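Subject: Structure for your files

Hello,

Here is the structure to look over. My notes on it follow below.

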Amino acid sequence: EGFATETYKVVGLRIGEMNTRIVEMATQQVEQRVANALLRLINQTGRKVENGIEIDFPITRQDLSEMTATTLHTVSRLLSGWEKQGLVESRRKRITVTDPHALVLICHGTAPRG
């Protein structure tokens, strides 16, 4: 019985680790998709403003989530995180990219995580 219990514990831990990795991979891909979408939008419609490049039409977090095939919750979480890091600024239906280079790094999966 002791051996079986230990085996189940180890298997349980391994499955937990795999699950964490899968979630990380999926999240990173989403992060890259959203960063990519923002860069595409500023390339197509961006206009230079004092603090960066603004997407020159009204866009909601919902629009962004539909464009990137992700959830509104995830887009909101990403944008909030990026705002805290000084990469973007968003207010009602307006998104300004304040650090395009950082978004490029995220797209390539080379941005420092944290």
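Which residues are buried in H1? They are Val30, Glu31, Val34, Ala35, Ala37, Leu38, Leu39, Leu41 and Ile42, where buried means under 20% relative accessible area, exposed over 50% and partly exposed in between, with a 1.4 Å probe and protein chains only. Before the rest, the conventions. This is a predicted model, in which local features need pLDDT of at least 70, side-chain atom pairs count only at pLDDT 80 or more, and totals for chains, interfaces and linings use all residues. Residues are numbered from 1 along each chain as its sequence is written, and side-chain values use heavy atoms, with hydrogens and water left out. Helices (H or I, at least four residues) and strands (E, at least two) are DSSP runs, numbered from the N terminus.

Helix H1

The 44 residues of H1 should span 64 Å at 1.5 Å a residue, and the end C-alpha atoms of H1 are 64 Å apart, which agrees. The expected span is 1.5 Å times one less than the number of residues. Asn36 also belongs to H1 and is partly exposed, at 37% relative accessibility.

Helix H3

Helix H3 covers residues 72–84; its 13 residues should span 18 Å, and the distance between its end C-alpha atoms is 18 Å, in agreement. Thr74, Val75, Leu78, Leu79 and Trp82 are the buried residues of H3. They lie on the same side of H3, because they cover an arc of only 125° around the axis (the arc is that of the directions from the helix axis to the C-beta atoms). On the face turned away from that buried side, H3 carries the exposed residues His73 and Lys84. The buried residues of H3 pack against helix H1 (2–45), helix H2 (61–67), strand S3 (88–91), strand S4 (94–97) and helix H4 (100–107), contact meaning heavy atoms within 4.5 Å. Gly86, which follows H3, has a positive phi near 80°.

H1 against H3

The angle between H1 and H3 is about 70°, and their axes are 11 Å apart. Axes are lines fitted to C-alpha atoms, for helices over the stretch in contact, and angles run from 0 to 180 degrees between N-to-C directions. The two helices, H1 and H3, are therefore roughly perpendicular; that term covers 65 to 115 degrees, while under 35 is roughly parallel, over 145 roughly antiparallel and the rest oblique. H1 contributes Thr27, Val30, Glu31, Val34, Ala35 and Leu38 to the contact, and H3 contributes Thr74, Val75, Arg77, Leu78, Leu79 and Trp82. These residues divide into eight nonpolar, two polar and two charged. Nonpolar here means Ala, Val, Leu, Ile, Met, Phe, Trp, Tyr, Cys and Pro, charged means Asp, Glu, Lys and Arg, and the others, Gly among them, are polar.

Helix H4

Ala102, Leu103, Ile106 and Cys107 are the buried residues of H4. They fall within an arc of 145° seen down the axis of H4, so they line one face of the helix. Their cover includes H1, H3 and S4.

Thr96 is in strand S4 and is buried, with a relative accessible area of 2%. Not counting residues up to four places away in sequence, Thr96 touches Val49, Asn51, Gly52, Ile53, Glu54, Leu87, Val88, Glu89 and Arg91. Arg92, in the loop between S3 and S4, is exposed at 75% relative accessible area.

Regards
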